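I set out to record how the parts of this model touch one another.

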Amino acid sequence: MATEKGTTYTIPIGPVHVGLKEPITAWLNVDGERIVDATIRPGAIHRGIELMAQKRNPIQVIYLAERICGICSFSHITAFVEAVEKVAKIEVPRRAQYIRSMVLELERIHSHILWAGVACYTIGFDSAFHLGMELREKVMDTLEAFTGNRVNYGVGTIGGVRRDFTSKTAKAIRELIVYYREHFHVFTDPVYDDPIVAARMRDVGVLTADDAVRYVALGPTVRGSGLRTDIRCAQPYEAYADFDVKPVVPQDYFGEARGDVFDRFVVRTMEVLQSLEILEMILEGIPEGDLVWEPKIPKLLSYLKNVEGQGMSCIEAPRGDDTHAIYLTKGEENITSWSVRAPTYSNAVSWPVMFRNQELADAPLIINSVDPCISCMERIMVTDSARGVEKVVEKRTLTELCREKTRRMMQG
Amino acid sequence: MKENTTLAVTSLSEVLSFPEVKTALQEFLGEDLLSLEEYTRVSKAQDCVPLGDLWIEVPRSRFMEVVEFLGTLDFPHFHVISGNDEGEKVMLSYHFSLYRAAGFETQIGVSVKVRLSKDMLSMPSLWPMIPGVEYSEREILELYGVDFVGLENKNLVFLPEDWDRSVFPKRRDETGLKPEHIRKLS
């Protein structure tokens, strides 16, 4: 909070890009370059998806759920259909569970590589950014080869999946595994070893393990703080119980967990390698069998119409756990109530903690460190409350500010 | 309200299994356990021990005690509050989970349901204990009109700044959305 009149500025970061699932504004109280406190205001574009669902049947809501987020679209529908399957006591065939796990892991690789590249871009490490973007294309191509789409895959349905795994898919995934094992370290090793990267990411945006628990941080954010929390291990869903997933924590690789941006980088990049191992196990272990519990949609819908109850499901999405809660009423075709808790919803609560005592030039990096939403910062307004002057700082200027700091360090 | 400092994630003495948590809750609540449902599946590691989620319903008066009781087992990880307007009452479900960082197949979901009558829509806030609940409580406040006693910041989260705060979008009664609040895009 403002200590003395005229010494602190309030800087709102946001409002946000139309295409994002969770538009967020961060109001930063700064004393010079140092962030004193932060207030977060989400909801610049609340689309009311949960309300729309109340006028739709569960099958229609799958397509709504898929459009909550562009990157973890499959995570959202998996969480949703699992919640419905729990209420309706629908048993998903093993083969379908394997296929779902496969798409979830491909999505995780996609999300993590994209994030790691963008993190490098934010600090001005453009060569690493371009490498990251090039690496990401492979997983996008593989997803396209399997599903026909690059973003919203349209693969999941209640009780199973809509697309079968073929020898062609297996070949594409084997190629992907070989490709990333060969090329991924070309991107990550220079980043781990770079002294400037260490200077920019080490001890920036620190979230202690204690705060991570109290502020309900999730996914790579909480694992970056050193806690071995991964739902794939703690409460395995789909086929994950077969894969013995161990939570990735920075202390296993760098000896200690500081809970800073660097640790979150380590967790995400190491999880890409972990996902490759899981994909290998999926290729080896995928059983033969049915794809769906009930292939006839009208029959499935009339079954769901007779279901009464509530279901909750949480899965490990790339950014943290994604929770969906659903209520169904007997005799009603449409969903009674649906709650979606995307990972950023929880992770954003800990931003004010991470911002405290950081430099303004690190703000983009800290925001970026929980969620790959760099376009959140389309526009920034700087308000000098003492003089009542306002000026608009473009995203470009702020990025430049962030990069300028890297250049200063390289010269110094 | 006292600060909950039992951060058991880093200092867990023992990890209870799903049936043990269920029995512990049954014993703790006794007759106040209004309903109990379970969604289980069989564990891979420990044969025949079911895993899964528990759904319990408690009266509002016992709610804080239940959360404190869960806190003696492990720091309850808070997911979200989901709600449903049932006509006479508003039902809130607090979704928690226990033993998230305790190893393979240890996590247990505990959803605590509370039914509030519409003439007294108020709940004690969990915010002093678990600061991570802030957005969820503010969301339920703006969407269902349930007040949270002890929550510091009651500003809007998702609705626009100029929103009429006597309209609660997820209610199905006269305070709910009217056609003029819905903007059709096509």
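I looked up the chain contact first: 33 residues of chain A meet 38 residues of chain B, where contact requires C-beta atoms, placed from the backbone, within 7 Å. The model is predicted; local features need pLDDT of at least 70, side-chain atom pairs count only at pLDDT 80 or more, and totals for chains, interfaces and linings use all residues. Residues are numbered from 1 along each chain as its sequence is written, and chains are lettered from A and ligands numbered from 1 in the order in which they are written.

I noted that α8(A) gives the largest share of the chain A side that touches chain B, four residues. I classed that side as 18 nonpolar, 10 polar and five charged residues (Ala, Val, Leu, Ile, Met, Phe, Trp, Tyr, Cys and Pro are nonpolar; Asp, Glu, Lys and Arg charged; the others, Gly among them, polar).

I then consulted the domain division of chain A: domain 1 is 8–45 + 346–411 and domain 2 is 49–341, with bounds from an automatic or database domain assignment. In chain A, 24 residues of domain 1 contact 30 of domain 2. On the domain 1 side, α16(A) supplies the largest share, six residues.

Finally, I examined α4 (residues 94–122) and α5 (residues 126–147) of chain A, whose axes come within 8 Å and cross at roughly 165° (lines fitted to C-alpha atoms over the stretch in contact, angles from 0 to 180 degrees between N-to-C directions). The two helices are therefore roughly antiparallel (over 145 degrees).

Note on methods:
Angles under 35 degrees count as roughly parallel, over 145 as roughly antiparallel, 65 to 115 as roughly perpendicular and the rest as oblique. Two residues are in contact if their C-beta atoms, placed from the backbone, lie within 7 Å.
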